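Here are my notes on the model you asked me to look through.

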Amino acid sequence: FSDRTSHLHNIFRLYADRLKSISSASINELIRLATWWFIHGQIQLNAAIRDISLVPSQQSETRFLIQKGEANISKALWILQEMFSRSSQYCSVENATRLRDYQHLLLSKICGAINSMIEHGLLPEDNSEAVFSPGNDGSIWVEYPSLGVDMSFLLTWHMPSTVDNDHFDTKVLDHMPLQDFDGKFYYKALSVDVYLFNESSNGQQIKYHALLSVVRAQEDSQISMVLASQDGQFNVCVKPEKELKSTWGNVTWLENISSLEVKLSTGFHLQIRCEISDFETLNQMYQHYKTANTLFERGIEEQLIFQTDIKSVECRLTINENPNRFIDTAYQCRLRLFNRVIIRAEGTGPRKMHRGSRLVIATPTTSKNLSVLEYDIWPDQVIEYRLFEGKNEQPTIFFRIDRNDPSAVTVLTFSSVEQCNALLSHLTGSHVADEEDIFADVQLNGFSLAVGLEILGQSGMLGASSWQRARIINSKPWHESGPNVESSTTVLSDTLRIILDSPHARFTDRLNLSIGELQIRRNVVAAGHELHILRESQKDITYSQSVLNMAKEDHNDPTKTLSALKAQPSVRTFNFPNLFELHQFQAAITGFSVLFDSTPASFSISRRRLLVLKSKEWKSPHTRIQLLRRKETFQLVAFFDGFKHGKCMNFILRKTDSFRMIKSGNRTLVRLVDAKFSLPIGGHRDSGVEQGFVCVDTLEYPSENDDITIGFESYSGKCSLTSFIPIFFFIVDVDAFPLKFLR
């Protein structure tokens, strides 16, 4: 290459001598000269190579660009040769070793550019008599306007430190980098024109030809822009740090003229004019890093719930793909999990509503190519995962959560099992925060749900899951250290949730309910210990399942059921092995302790009628009653089956209520005299399945004032109920203890 361009050296020397002889230039001037022209030549050659591959028809323009690049590379090589020929003069220079290192670095870069020309067939012709193209610029020194004041003073209001000509200035790599250096990544260089002006200059502008280098410090997550002139008097850096005077916040993008405008603290403005393609490239790089940083931060309606560092992340096409074949792998990444939360204003105050999650994985800032992997996880989406030991027994999770590409798999490798479990618990909503506690942890015999009240007989399926365990998580009462169901907040609680677990699935049912929305029902005639919960359409559920344990022949797609739960009301049925487990569960979700739960032999309501002395008896053939307590409040709940006047009722037991015990044959009757209640709901005239459920936090107005009689087959059944009635209730046994307190 040197031989084929040696005829240009005399031309370069003549151009240089017009302003300043190369022999009289200082070390730093020569280094900047060689670096300047090499970078320009490399820019032009890269552009020519790109144009050849994209627009082969523009051969004349591309050939001219190649000639300019070859000439500029030749300038850099000629200047280096001049320096090497006088190397004995620089032996006494301070930092001589670093000077030689930089010279060899620049020479190796020139060799790399020449090899690229050879590879693409762009090497100059073997013709020493070739004529220098008239369109080429043979100048060595770039002429800059004389301002009568130092340029650095106009930019910063500070005079620059004087550089000794016998001292190699190591900052040249900061201003015009050739590669990654000193903890910084180098990406690209652009040839630009910079115009300096201020608002009072009446349109007068000072033009500076400069190099724009795009770099990024390893501790930064945004790129920096370095501007440098050939003479070293003009050096400006735009960085992401807020404490610096020139930041990206001072930059205005002028797309219509492919320019950037930088507002300086001195009152001056810099307008950086680029080629259209260069402007688009610079803008894309800036937007890429800006978007990556934005995605990794908390959004407007999000809460950061978990973050950790992971050993690696890998994206695969399918879960059965060969582990050695992957799309991309990154190491030492950062992971963050956000909960998407909306605030809804209601009469009771603002309420937080869970609306899914967002999982974000970012490569470390020490990686040159900073990128972000983002997954939006919605309530009607199934989270599929597999937990196993990877290489070197490191805990690894396979995730299949890409909604746009269901076959894509993300593989996360962690440093410890605790990290894996923490991510899964936060992702599925089962993590117990410091201000929360587990109010119930019970065993299940089964769980089912019916979606759509008009088709109650058709049950939805959440996969082939055998639900075995249920946990109730809620916020701790602020004045108590442990879980106390009667002091807990269940209505208007944004933390109350049911966690259902099976061997290979987890269903998180959030009970973020408004006043009067929680409705329950107990089974009356059916065998077993069942509790039914009526729910409106729901947008805050989470369902996850392990793909390792999924049956291959299982065709029950839970996605359809989750979508139905999002749009229609549903009834959830929980089947417990015993009453103790059921009562724990019911108390945790309602805030009422269950003191008594049984099916009496009879249940009747004596309704008084106007102008008629004899009351009308409403008798229920099948009844289940519960006695509930929340602090000082007691409530009687009755569920009916086959009762034409209604399906359920509940009312508060007051201090003024009196109980009478009556012996009737083999039965013992407990009569609530002048009970204050509302009539049962769900009679033959009431339509809708919701009429069979009671709401224990909001009761209807007690418009009735009649007697209610509950019959038991034995005296012990009566005692089971009355033993829980507090001392201030007046209890009278007409047969054995007339007008006397039982306790």
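**Notes on the model**

1. Of the 743 residues in the protein chain, 50% count as buried. Please keep in mind that this is a predicted model. The secondary structure of the chain comes to 12 helices and 34 strands. As for contacts between residues at least 6 apart in sequence, 68% of them join residues at least 24 apart.

2. Let's begin with helix H2, residues 9–17. Its buried residues are His9, Phe12 and Ala16. These residues cover an arc of only 60 degrees around the axis, so they lie on the same side of H2.

3. Two charges over rings may interest you. The charged end of arginine 18 sits over the ring of tyrosine 15, at 4.5 Å from the ring centre. Lysine 368 lies over the face of tyrosine 187, and here the distance to the ring centre is 5.7 Å.

4. Strand E7 (residues 268–273) deserves a look. Five of its six residues are buried, so E7 is largely enclosed by the rest of the structure. Which strands pair with E7? Strand E1 (residues 184–198) is joined to E7 by six bridges and runs antiparallel to it. Strand E6 (residues 259–263) also pairs with E7 in the antiparallel sense, over five bridges.

5. Histidine 269 of E7 turns up in both pairings. Phenylalanine 197 stands opposite histidine 269, and histidine 269 is also the bridge partner of lysine 263. E6 and E7 form a hairpin with four residues between the strands, and in this hairpin glycine 267 takes a positive phi near 95 degrees.

6. Now for the aromatics: the structure holds 19 aromatic pairs. In one of them, the rings of phenylalanine 447 and phenylalanine 574 have centres 5.0 Å apart and planes at 40 degrees, so the pair counts as tilted. This pair links distant parts of the chain, with phenylalanine 447 in strand E16 (residues 446–451) and phenylalanine 574 in strand E24 (residues 570–576), 127 residues apart.

7. Are these two phenylalanines buried or exposed? Phenylalanine 447 has a relative accessibility of 14%, so it counts as buried. Phenylalanine 574 is at 1% relative accessibility and therefore counts as buried too. Both belong to a cluster linked by ring pairs, made up of Phe447, Trp467, Phe507, Tyr543, Phe574, Phe576 and Phe585.

8. Next comes a sheet. Four strands form an open sheet in the order E25-E28-E29-E30, with antiparallel pairing. Its edge strands are E25 (593–598) and E30 (648–653), each of which pairs on one side only. On average, neighbouring strands of this sheet are turned by 15 degrees against each other, direction ignored.

9. Within that sheet, E25 and E28 (residues 622–630) pair in the antiparallel sense over five bridges. Serine 598 stands opposite isoleucine 625 in E28. Helix H11 (residues 579–590) packs on the sheet and touches E25 and E28; the direction of H11 makes about 135 degrees with that of E25.

10. Finally, two backbone angles to check. Most residues other than glycine have a negative phi, and most peptide bonds are trans. Where does lysine 631 lie? Lysine 631 is in the loop between E28 and strand E29 (633–641). Although not a glycine, lysine 631 has a positive phi of about 55 degrees. With a relative accessibility of 48%, lysine 631 counts as partly exposed.

11. The other residue is leucine 492, which has a positive phi of about 65 degrees although it is not a glycine. Leucine 492 is found in the loop between strand E18 (469–475) and strand E19 (497–502). Its relative accessible area is 33%, so leucine 492 is partly exposed.

Definitions and conventions:
Residues are numbered from 1 along each chain as its sequence is written. This is a predicted model: local features need pLDDT of at least 70, side-chain atom pairs count only at pLDDT 80 or more; totals for chains, interfaces and linings use all residues. Side-chain values use heavy atoms; hydrogens and water are left out. Two strands pair if DSSP finds at least two bridges between them. Helices (H or I, at least four residues) and strands (E, at least two) are DSSP runs, numbered from the N terminus. Axes are lines fitted to C-alpha atoms, for helices over the stretch in contact, and angles run from 0 to 180 degrees between N-to-C directions. Contact means heavy atoms within 4.5 Å. Rings of Phe, Tyr and Trp (its six-membered ring) pair if their centres lie within 6.5 Å; planes under 30 degrees apart count as stacked, over 60 as edge-to-face and the rest as tilted. Buried means under 20% relative accessible area, exposed over 50%, partly exposed in between (1.4 Å probe, protein chains only). A charge sits over a ring if NZ of Lys or CZ of Arg is within 6 Å of the ring centre and within 35 degrees of the ring normal. The arc is that of the directions from the helix axis to the C-beta atoms.
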